[in-house]
Amino acid sequence: MNIYIIGTGVMGGAIAKILAKTDGHVFIYNKTYAKAAALRNNSKIIVDKNLEHLHEADFVLLAVKPYQLADLSIKAKLKPSAVLVSIAAGVKISTLKTLFSHKKIIRLMPNLGLAVGQGVAAWKSSGLSAKDKISSQRLLKAICENFEVKDEFQIDAVTAISGGGPAYFFYFAQALQQAAVKLGFDKTRARQLVEKTFSAAAALQGKTDYQFLINRVASKKGTTERALHIFNKDRLSHTVLKAAFAAQKRAQEISNE
Ligand SMILES: NC(=O)c1ccc[n+]([C@@H]2O[C@H](COP(=O)([O-])OP(=O)(O)OC[C@H]3O[C@@H](n4cnc5c(N)ncnc54)[C@H](OP(=O)(O)O)[C@@H]3O)[C@@H](O)[C@H]2O)c1
């Protein structure tokens, strides 16, 4: 199986490293050649120039920014049996079909968690045969934990929750670090407190209900309860909901740009 990745930035680079550990050949191509070449120390990765090997690909993974898709001149080089996998936020299957005059498409929404073997993704396919579906599922499983959505519009919701999710976590971690500085610690010590706390919290969650986990920390009339009271008073969960809807709306807007 030949896999071809176009765009070796944050996501494409991470996916290339994962797929290099599986069977088959991994070809990569990036606008700035040096960026792709930096991944070459993995012997399974073949850095391509000028899309020369694209016609050999069984899977072509598009990992460029949504607005960069239109610049890709790949139409004539795709073999008809190839499956085109796009991870671009907000870009619909119908748009991909038109852009690349191609039938077999998977729209995939992963997240950065895959860079540490902890990714989660959702996908929707179109034009795939039963055989394509089996080989696609094998490929997606190698990339990260994933599931198929019933309707394509759900991909925008996945984008808003898990696609951007790592950034929301980092935002909250940064805010807590800033609070620690205001409470008198230097930035390094503040980072130590937040980093260790959050990696432990992530490990502690297991499959346990979040409210139960909160209750394990926040005792009645205690300090954590006082902090949580402020979150509730300021309607933090409502802000989170508004943010998720805004991200989903932005994904829908991208599909019309
Ligand atoms: N980052 C995330 O957490 C995340 C999560 C889920 C989905 N996504 C989606 O993943 C896609 C990639 O995001 P990213 O964060 O990885 O972006 P990124 O780091 O900017 O990577 C994009 C890469 O595409 C390359 N590129 C641009 N135009 C190209 C062209 N014509 N031919 C070949 N390569 C080209 C860029 O190369 P140059 O640097 O040389 O221009 C860059 O290395 C986006 O569509 C995004 O919506 C991202």
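So, the ligand and Val64: a backbone N or O atom of Val64 lies 2.6 Å from an oxygen atom of the ligand, and that is a polar contact, meaning a pair of N or O atoms within 3.5 Å. Overall, the protein covers 83% of the 890 Å² of accessible area that the ligand has on its own, with areas from the Shrake-Rupley method and a 1.4 Å probe; for residues, only the protein chains shown count as cover.

Quick caveat: this is a predicted model, where local features need pLDDT of at least 70, side-chain atom pairs count only at pLDDT 80 or more, and totals for chains, interfaces and linings use all residues. Residues are numbered from 1 along each chain as its sequence is written, and side-chain values use heavy atoms, with hydrogens and water left out.

Back to the ligand. Val10 has a polar backbone atom 2.9 Å from a ligand oxygen, and for Gly9 a backbone N or O atom sits 3.3 Å from an oxygen of the ligand. In total, 22 residues surround the ligand, and the closest are Met11, Asn30, Thr32, Lys35 and Val64; the cut-off there is a heavy atom within 4 Å.

Now, strand β7, residues 120-126. How many of its seven residues are buried? Six, so the strand is largely enclosed by the rest of the structure. Buried is under 20% relative accessible area, exposed is over 50%, and partly exposed is in between, with a 1.4 Å probe and protein chains only. Strands here are DSSP E runs of at least two residues, helices are H or I runs of at least four, and both are numbered from the N terminus.

What does β7 pair with? On one side, β6 runs antiparallel to it, with five bridges, and Ile106 is partnered with Ser125 of β7. There's also β8, residues 145-148, parallel to β7 over four bridges, where Ala121 has Asn146 as its bridge partner. Pairing takes at least two DSSP bridges.

Ser101 isn't a glycine, yet has a positive phi of about 45 degrees. Ser101 is in the loop between α3 and β6 and is exposed, at 54% relative accessible area.

Key. Polar contact = N/O pair within 3.5 Å; in protein donor to acceptor, adjacent residues only side chain to side chain.
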